[in-house]
Structures are given as C-alpha cells and as structure tokens.
Amino acid sequence: MAAIAEAKGLLSAAVYLSTGRQTLAASVARAASAAASRAAVVDTFTDTAYSRASVKLVGSADDLLQAAEAAATEALRVLDLAEQPQPAPHPRQGAVDMISFMPLSERKHGDIAEELSACDALAWRLGEALGRRGVPVLMYGARAGRTLVETRKGTTFFQSVKEAVPAAATLPPDFGPGGAPPPKWGVAIVGSQSYVTNYNVAVANASLEDGRAAAAAVRSAFGVQVMALPHAADDFEVGCNLQASDDRDSPLVEDVLACVEGSLPAGATIKEGYVIGLAPADALRRGEEALAEEPGARYLYRRVLAPHFNPEMTPDAPEPGAPEGDISGAGGV
C-alpha cells in the first residue's frame with residue numbers, strides 16, 4: 001500500500017472539529033473540496049453525542065495543503081468553542097482541535113520515512129498559516145520532537161471532560177499569539193504521524209471501569225492510544241487510534257476487537273466495532289475515485305452517528321430536526 005500511495009504522489013490529512021452539527025462539518029468539507037483540483041474529501045463524519053466531527057482529505061502535497069487550510073479557515077469562521085457543551089463529552093482544546101498529515105500506509109515507520117518527512121513539512125506550513133490568522137498553534141511530530149499525546153498533555157485537552165474549563169495550554173505556541181487563547185477558537189494542534197485508523201468499539205451491559213480495563217488490555221497488547229468514554233445512554237465506547245510504530249505495522253481491527261471482547265466481563269455486549277474516517281486502503285481508493293471526477297461532481301461522503309439517525313448518510317441528508325435548505329449559519333446542507 002505504501003508503494004502504491006507513493007507512486008501516485010498521494011498523502012492524507014485529517015481535520016478534527018469540536019462540533020456535533022453536521023451542517024457545520026459539511027460547510028468545512030465543502031470549503032476543502034473546492035480549494036484545490038488535486039485534493040478531495042474522502043470522509044466527513046459527525047458524532048452528535050461526542051460533539052465532534054472529522055473531515056478526511058486525500059491529495060497531492062501542495063493541493064492537500066490548500067484543502068486543509070481551506071477546511072481550517074472555514075472551521076474558524078463557523079465554529080465557536082464557547083458554544084460547545086461543558087464539560088466536553090469528548091476531550092478537546094480547540095475549535096479546530098487537531099489536524100494530522102499522514103501517509104496512506106499502515107507500514108512501520110522505517111518503510112515510509114520519505115512520506116512521513118513530506119507530511120511533517122506540510123504540517124509546519126499549515127501551522128504557520130493558522131498562526132498568521134491569530135490562532136495559537138502547537139506542533140507535534142518529528143520536527144517538533146513530541147508526540148500528539150505529549151502535546152495534548154500540555155493543554156486542557158484531557159481536563160476538558162472533567163470540568164468546565166476554558167481552552168488553554170501550558171506549552172508556548174509554535175505559531176500564533178501567546179497568552180490566553182481566543183475563547184472562540186482555543187488552541188489548534190497540528191502535526192504529522194503515521195496513518196491513524198480511528199476504531200471504536202461500542203459496549204453495553206458493562207461499567208465504564210470495565211471499559212477502562214479493556215482499554216488497558218488493548219494498550220498493553222498493541223502499544224496504541226486508547227481510552228474508554230461514556231457514549232449514548234448508559235453505553236460506553238473503547239476508542240482506539242490504531243497506527244504503526246517504529247518497529248511494527250498498524251494492528252488489524254479484527255485483533256483489536258477480539259482483545260476488547262476477551263477483556264470484558266461475562267454479560268457485556270459488544271454492540272458494534274466501526275472505523276471513523278476510513279482505513280488507509282479505503283481512503284486511497286476513495287481518493288483515486290474522487291480525483292477522477294470533476295471537482296464540482298465529487299461527493300463529500302457524509303456520515304452521522306446519533307441515536308436517532310442512520311450512521312450511513314447520503315451526501316444531501318439534512319441535519320436532524322432541520323428542514324431541507326436550513327443553513328444553520330453554515331451555508332446550507
């Protein structure tokens with residue numbers, strides 16, 4: 001897969017947003033889609049329970065950068081961190097919470113060193129651009145010398161789910177203003193890493209402590225980032241960031257699911273395991289298909305996760321409770 005992606009000159013970027021409103025996420029996706037001819041939106045995901053959304057992009061380097069900057073610019077226009085639930089249902093520290101540039105591969109780092117370097121260069125160019133717009137930006141990745149988790153620990157990201165706190169950082173910004181972050185925007189985190197497959201396992205009939213034990217088992221077995229969080233009703237999810245490391249490829253979702261299932265007590269029910277934002281092979285396939293179309297004809301691949309909503313949405317589906325054509329401050333559906 002790494003060789004295919006490299007030969008075609010395609011990389012990916014994921015833009016994570018602090019909103020559960022699909023009209024706003026769709027507005028961001030449309031801005032990204034229109035920004036460059038050789039970059040395409042391959043997934044737009046909104047989770048109303050977590051008040052979180054993501055837009056995934058695939059493209060050639062310079063076009064990918066243009067699309068990611070357009071997405072972030074539109075997000076800064078339409079999102080207001082102060083309007084989000086407090087405490088946060090999902091950790092966060094910014095309206096544009098995190099942007100990650102990633103190779104389209106699940107191979108270990110040594111096999112994709114050139115692509116990782118290209119992604120890191122794009123991340124720093126975008127971080128500088130957002131800083132010029134007045135957003136405090138923290139960088140992560142090889143050049144920054146710290147991981148995403150280490151960077152998040154230097155902010156209120158993890159604290160945000162425990163209490164109502166304004167977004168802040170103890171780390172000095174790499175770009176943008178110092179001091180207290182703008183309440184509307186908070187702090188943006190931008191960087192590069194090996195491809196992250198966001199894989200969630202929804203569990204019922206078990207306690208959150210059981211979920212944390214399952215998360216610890218996954219962490220121990222595969223060395224990936226994972227947490228257990230309350231979700232809809234009395235359920236919880238074990239959320240995993242599956243990715244390669246220096247010495248091993250990214251784990252298979254089937255192996256992770258088996259690990260979670262084997263770590264839960266008798267009587268616990270696995271409702272589903274699902275990928276948010278596509279595995280790399282699927283992202284590459286969608287990117288190739290989209291780039292073969294004229295820019296105005298490309299789908300935004302919108303999906304919404306909500307208790308009363310079909311998780312597989314068509315590109316023109318309206319927001320729950322909103323009439324067709326309702327712009328909701330975001331330019332329409």
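This is a predicted model: local features need pLDDT of at least 70, side-chain atom pairs count only at pLDDT 80 or more; totals for chains, interfaces and linings use all residues.
Good morning, colleagues. I begin with the backbone. Most residues other than glycine have a negative phi, and most peptide bonds are trans.

The peptide bond between Gln86 and Pro87 is cis, with omega at about -15 degrees. Pro87 sits in the loop that runs from helix H3 (61-78) to strand E4 (96-102).

Next come two residues with positive phi. Ser51, which is not a glycine, has a phi near 50 degrees. It belongs to the loop between strand E2 (39-47) and strand E3 (52-59). Asn205, also not a glycine, has a positive phi of about 60 degrees, and its place is the loop between strand E7 (197-204) and helix H6 (208-222).

Are these two residues buried or exposed? Ser51 has a relative accessible area of 8%, which is under 20%, and therefore counts as buried. Asn205 has a relative accessible area of 58%, which is over 50%, so Asn205 counts as exposed.

I turn now to the helices. The axes of H3 and helix H4 (residues 113-132) come within 10 Å, and the angle at which they cross is roughly 35 degrees. The crossing of H3 and H4 is right-handed. Which residues make the contact? On the H3 side they are Ala61, Asp62, Leu64, Leu65, Ala68, Glu69, Ala72 and Leu76. H4 contributes Leu122, Arg125, Leu126, Ala129 and Leu130. Sorted by class, this contact holds 10 nonpolar residues, 3 charged residues and no polar ones.

A pair of aromatic rings is described by the distance of the centres and the angle of the planes. The model has 2 aromatic pairs.

One of them joins Trp124 and Phe175: the ring centres are 5.7 Å apart and the planes stand at 75 degrees, so the arrangement is edge-to-face. Trp124 lies in helix H4, while Phe175 lies in the loop between helix H5 (148-152) and strand E6 (188-192), so the pair ties together parts that are 51 residues apart in sequence. Both Trp124 and Phe175 are buried.

The pair of Phe157 and Phe158 has ring centres 4.9 Å apart and planes at 90 degrees; because that angle is over 60 degrees, this pair too is edge-to-face. How accessible are its two members? Phe157 counts as buried, at 1% relative accessibility. Phe158, with a relative accessible area of 31%, is partly exposed.

Finally, I come to two loop residues. Asp235 is found between strand E8 (225-230) and strand E9 (236-242). Its relative accessible area is 16%, so Asp235 is buried. With which side chain does the side chain of Asp235 make a polar contact? The partner is the side chain of Lys271, at 2.5 Å. Apart from neighbours within four places in sequence, Asp235 is in contact with Val203, Ala204, Pro230 and Lys271.

Ala180 is in the loop between H5 and E6, the loop that also holds Phe175. With a relative accessible area of 73%, Ala180 is exposed. From C-alpha to C-alpha, Ala180 and Ala169 are 8.3 Å apart in space, and they are 11 residues apart in sequence.

That concludes my presentation. Thank you for your attention.

Definitions and conventions. Residues are numbered from 1 along each chain as its sequence is written. Side-chain values use heavy atoms; hydrogens and water are left out. Helices (H or I, at least four residues) and strands (E, at least two) are DSSP runs, numbered from the N terminus. Buried means under 20% relative accessible area, exposed over 50%, partly exposed in between (1.4 Å probe, protein chains only). A polar contact is a pair of N or O atoms within 3.5 Å; within protein, one must be able to donate a hydrogen and the other to accept it, and residues adjacent in sequence count only if both atoms are side-chain atoms. Contact means heavy atoms within 4.5 Å. Axes are lines fitted to C-alpha atoms, for helices over the stretch in contact, and angles run from 0 to 180 degrees between N-to-C directions. A crossing is left-handed if the near helix is turned anticlockwise from the far one by less than a right angle, and right-handed if clockwise. Ala, Val, Leu, Ile, Met, Phe, Trp, Tyr, Cys and Pro count as nonpolar, Asp, Glu, Lys and Arg as charged, and the others, Gly among them, as polar. Rings of Phe, Tyr and Trp (its six-membered ring) pair if their centres lie within 6.5 Å; planes under 30 degrees apart count as stacked, over 60 as edge-to-face and the rest as tilted.
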